[in-house]
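Subject: Structure handover

Hello,

Please find the structure below.

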Amino acid sequence: MKPHDRLAATAIDPRNPLEQARRPIRSFVLREGRLTPAQARAFDKLWPRYGVDWLRGTLLDPDPLFGTPGPVYLEVGFGNGETLARMAEAHPERRYLGVEVHRPGIGHLLLELERRGLSNVRVLRQDAVELLTEGLPPASLEGTYLFFPDPWPKQRHHKRRILSAEFVALLGRVIRPGGVFHAATDWAPYAEQMLGVLNRAGDRFANTDPAGGYCARPEDRPLTKFERRGQRLGHSVHDLIFRRC
Ligand SMILES: C[S@@+](CC[C@H](N)C(=O)[O-])C[C@H]1O[C@@H](n2cnc3c(N)ncnc32)[C@H](O)[C@@H]1O
């Protein structure tokens, strides 16, 4: 069994009874979906180059992963990695970590990293909450992105939404003072919840919008697949950009 499969069968697999008992509510449901033949080959060929097999209980030092200096940015739940690849290409001086659970999306990103010839991205197949809780050293990130997280629109599923007061506390630990947290969503009620939670974390995060509201989309946030779909459905997008105090 390959490391990224092993992790799926243990730490991030909600069907694993031990994990189920430990953390019954997760922000994702592990629907494996089918890998295309190209994505399957990408796991074999490219995971050794771009993949990081973090094991719970260990601390991940970003420096040896990249071998080059530079600030580290994390994208949580990168989907198919389109945005991550484009940000990394636009900023070769930065180092990017991407964490996602969905294998086809990861396979897609691996192919995209190779196609664009990028060397400043490393990929983890993990529950981002685990990684933020115990995998990253304090103040190790310059910034964290959370773009179009699953909105879990039904009331009974709201507890699955990844952005909560607890999540913001985790971000406060790993983002260095002066660093940035940038979230975007096209689900208005979730945007309101995010804004409330972040504005209440005033000891750790300051809203970069002087009026305490949403920001305009910065030019360096590429449009994502989910965003384009939301636009077609007439949803407006809310960007929230907070600076770590
Ligand atoms: C709605 S999609 C958005 C993907 C991408 N950010 C975009 O804008 O196109 C949300 C993604 O977050 C991932 N996700 C949800 N919870 C996660 C977690 N705890 N750790 C890692 N990935 C997670 C899901 O697998 C899914 O791919």
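In which sense do β2 and β5 pair, and over how many bridges? They pair in the parallel sense, over 4 bridges. Here two strands pair if DSSP finds at least two bridges between them, and helices (H or I, at least four residues) and strands (E, at least two) are DSSP runs numbered from the N terminus.

Before going on, some ground rules. This is a predicted model, in which local features need pLDDT of at least 70 and side-chain atom pairs count only at pLDDT 80 or more, while totals for chains, interfaces and linings use all residues. Residues are numbered from 1 along each chain as its sequence is written, and side-chain values use heavy atoms, leaving out hydrogens and water.

The sheet

The sheet is open and has 8 strands in the order β1-β4-β3-β2-β5-β6-β8-β7, with mixed pairing. β1 (51-52) and β7 (205-207) are at the edges with a single partner strand each, so one side of each has no neighbour in the sheet. β7 runs antiparallel to β8, joined by 3 bridges; Phe205 has Arg244 of β8 as its bridge partner.

β5 and β6 run parallel and are joined by 6 bridges. Tyr145 of β5 is the bridge partner of Glu75, and the bridge partner of Tyr145 in β6 is His182. In β5, 7 of the 7 residues are buried (under 20% relative accessible area, with exposed over 50% and partly exposed in between; 1.4 Å probe, protein chains only). β5 is therefore largely enclosed by the rest of the structure.

The cores

A nonpolar core is a set of buried Ala, Val, Leu, Ile, Met, Phe, Trp, Tyr and Cys residues joined through side-chain atoms within 4.5 Å. The largest one has 36 residues, of which Leu74, Leu136, Leu163 and Phe181 touch the most other members. Elements giving two or more residues to this core include β2 (72-76), β5 (141-147) and α8 (165-174). A second, separate core has 23 residues, among them Tyr73 and Leu84.

A polar side-chain atom of Asp127 lies 2.8 Å from a ligand nitrogen atom, and a polar backbone atom of Gly77 is 2.9 Å from a ligand nitrogen atom. Taken alone, the ligand exposes 590 Å² (Shrake-Rupley method, 1.4 Å probe), and the protein buries 92% of that.

Regards

How values were computed
Polar contact = N/O pair within 3.5 Å; in protein donor to acceptor, adjacent residues only side chain to side chain.
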